[in-house]
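Q: Could you walk me through this model, feature by feature? I would like the general idea each time, then the case at hand.

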Amino acid sequence: MKALICIGHVPDTTSKIRFTDNDTKFDTTDIQYIIGPYEELGLTRLLDIKDAGTDLHITAINVGLKETEATLRKALAMGADEAVRIDIDPTDAFFVAKQIAEVFKNGEYDFIVTGKESIDYNGGQVDGMIAEFLNIPSVTGATKFDLLEGKAGFEREIDGGKEVVESVFPFVTSAGKDFAKEPRIPGMRGIMAARRKKLEVITPVEQNLKTEVSKHYLPAAKPACKMVSPDNVEELVRLLHEEAKII
Amino acid sequence: MKNKEAIKGGEFIIRDSEIDEIFIPEEFNEEQKLIAQTCQDFIDAEVIPNINRIDAHEEGLLPSILKKAGEYGLLGISIPEEYEGFGQDFTTSMYVADILGAGYAFSVAYSAHTGIGTLPIMYYGNEEQKQKYLPKLASGELLGAYCLTEPNAGSDANSGKTKAVLNEAGTHYIINGQKMWITNGGFADVLTVFAKIDNDRALSAFIIDRDFPGITFNPEENKMGIKGSSTVQIFFTDCEVPVENLLGKPGDGFRIALNILNLGRIKLGANVIGASKAAINLSVKYSNERKQFKTFISTFGAIKYKLAQQVIKAFANESAVYRISQNIEDSVKKYINDGVEKGKANVEAQREFAIEAALIKVYGSEMLDYVVDEGVQIHGGMGYSAETEIEKAYRDSRINRIFEGTNEINRMVTADTLIKKGQRGVFPMFEEAQKINIDSLGAAPTFTDDYFENMKMTVKNFKSLFLILTDCATKTFARKLPHEQEILFNFANIITLSYVSESIYLRVKKIESIKGEKASEIYRDMLDSFIFDSANTLYNNGLEAIYSFVDTNDQQKYINALRHFTTVMPSNIKEGRRRIADKLIEDNKYSF
């Protein structure tokens, strides 16, 4: 069985977010990149399934320029069998989904795993769009994933409970929290093996851009917390009424 | 580097290095960063969440975490692939020690196992011994310890009383004696034990398995810091050790012990990098959360000063550590190319740079003590509470000035070894000293508008200060100089700061050559501040030395030279430190 796992190349969660070029671009100075945490869980689950004895070939894929290879190399060190990089700076979700769908079509894969959303732009659209391009089922935000006989089983969190889903192959699923327990830490053996694994660079297919970023801005700084003494209820009411305007 | 003879250990004192001769951490490759990330993930996932349980000596926890590190391959970083290790180069092993240095008591256990617990066998073991022990030490199936210190043999290690006597059948050595402060002793399976055979003057080394008959282990010591690391006394009573467990030849032990210590010292320099960054992170986070006088304390100049000094010292230490790493790595390669066996090549390279190892051990341990001390101060009353992590960092730091040779021993090693190398003519140190005409020095050096040329001159002046003083001291005291420990300490301080100053200067220059001037301004701030502080410390040490031994008729001449050599380019140090602190405060973590 062959799986394609999308590997997001995203800023470390403690990164300081700044913008350049009139706030249209993310300032990448001094930014450390990591595998998107949801994709990391997705890959970990696939590796767990493989380690439990399923014959599964895992290909890590990323749409990005050369600098994303370090992130793909980490996926290989974790245990992915090979990697593909589509050599272009990714623009919007539609564009990325199109590229991945093309690779899927040409590679005899059985299913695709993505993260439920990237932690930089939080788009959460690529998985659904891939499914649409390929006309295959999509199970979003899965919290449990198993390969069953001729099909795959999922659990999803829904309002107030859980949904148990099964799908035939091929399908797209996006990994949510709990898809795997803890992200796998690559060991030295994996890191050394990653050197020799195949990392193929392919040229993107043509796709017109559908969206463009006109501006980024940071959330306004939170105003300072005001402390009101417990015996001054009048002041509290006044503040809630006049300043917070919630009563 | 081409066509240039490799620099010798200690030669920095008369020879300038160029940026292409040094390695800086900004140059780590993708794979090294991946390994470092694994180490960081391991610390975050396996060590820090368990650190209080480790410190409470929860039965079996620390060895189980070490074994887990073994599963990730972290115990076999330096072990050659033919013994099921990962055969990584020296600099990579230093990077691992750096990142894992943030693991408190775990770090000590890790260093003891992979350093003194494994290396004697790796460097001095015969093929059979290496085959038997190294794969299991690499995987963590066996854990190692090193038994040198005795109740009456600490710094004077060769004075140990533990005895080994060959039995009549010639099959076993019978060992009797007592060892103390044995790190990992509570659980180690393999002990490298030093003892004297019969009435030998020099020690021999033996590989002893924990289950050999005649070994008893005392309970865990109750320590000030690194509480979770295992530290025990071990008693050998007619312990029977098969003759094939002798490491090297009879009488090799003291040499083995000293050579292994060289490595331990350099590794300590790496360990304190991770530990210092962790303490800086605790400090800046707290100062960004704690409010007094209605504002975050990180907005106060008093706190910014502390944060900036923490960063500058940590950065300087890191610069020196990786410079030494590269020197050693180049030297290892040179020995291997010359046909020297790998283990021996490592030992020789580490011995070559014994001066740098000793001085960085001193600088690094005192740097970390500074960082954690100011860390506690930034935390105020909370820093004195055992609830906070900085309190642990403060206690855990203190041992670094004691083990791997006390800082006093290492200051002696630094100054004494360098002077002896000069006297032996390993490099023309005294010839260079005599070329300096102190009568012709102006009141202050002439600075130009080339920033890095000025820095280069200042670093050279620092070295010149040592050269003129040591030339005078050797003439004054001749062979009695080693007994003038206070003067040697002054010299060691001057040598150390000269080396570290040159390391940070070269690193900043190299960073600027990679990133450009604009992106490097903050590094120039660090360099300015470090050089300024160093010059003041050099001045004090120089003056103390001059008053203590220079002929009174010559003192003024030397003091003039001292002023000349310690005058640095003026710059607004306060504003520079503020910029460094502001970056740290904005990032809310160390990211330089």
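**Reading the model**

A: Start with B:Leu562, which lies in helix H18 (residues 552-565) of chain B. Helices here are DSSP runs of H or I with at least four residues, strands are E runs of at least two, and both are numbered from the N terminus. The model is predicted, so local features need pLDDT of at least 70 and side-chain atom pairs count only at pLDDT 80 or more, while totals for chains, interfaces and linings use all residues. Residues are numbered from 1 along each chain as its sequence is written, chains are lettered from A and ligands numbered from 1 in the order in which they are written, and side-chain values use heavy atoms, with hydrogens and water left out.

Q: Is B:Leu562 buried or exposed?

A: Buried means under 20% relative accessible area, exposed over 50%, and partly exposed in between (1.4 Å probe, protein chains only). B:Leu562 is buried, at a relative accessible area of 0%.

Q: Which residues does B:Leu562 touch?

A: Contact means heavy atoms within 4.5 Å. Residues up to four places away in sequence are not counted; B:Leu562 then touches B:Leu465, B:Leu538, B:Tyr539, B:Gly542, B:Leu543 and B:Ile546. Take B:Leu538: 24 residues separate it from B:Leu562 along the chain, and the C-alpha atoms are 8.7 Å apart.

Q: How many salt bridges does a search of the whole structure find?

A: Side chains of opposite charge can pair when their charged atoms come close. The rule asks for a side-chain nitrogen of Lys or Arg within 4 Å of a carboxyl oxygen of Asp or Glu. Over all chains, the search finds 65. One of them pairs A:Asp146 with A:Arg45, at 2.6 Å from N to O. A:Asp146 sits in strand E9 (residues 138-148) and A:Arg45 in helix H1 (residues 37-51), both of chain A, so the pair ties together parts 101 residues apart in sequence. A:Asp146 is partly exposed at 26%; A:Arg45 is buried at 18%.

Q: What separates B:Glu432 and B:Lys435 in helix H14?

A: About one helical turn, because they are three residues apart in H14 (residues 429-435) of chain B. B:Glu432 is partly exposed at 27%, and B:Lys435 is exposed at 59%.

Q: How many residues of chain A and chain B are in contact?

A: 19 residues of chain A are in contact with 21 of chain B. Buried area is the accessible area (1.4 Å probe) that two parts lose on being put together, summed over both. Here that is about 1800 Å², with carbon and sulfur atoms giving 57%. On the chain A side, A:Ile185, A:Met188 and A:Ile191 lose the most area to chain B, together 38% of what that side buries.

Q: How many salt bridges cross the interface of chain A and chain B?

A: The rule finds seven. A:Asp12 forms a salt bridge with B:Lys589, with the closest N and O atoms 3.7 Å apart.
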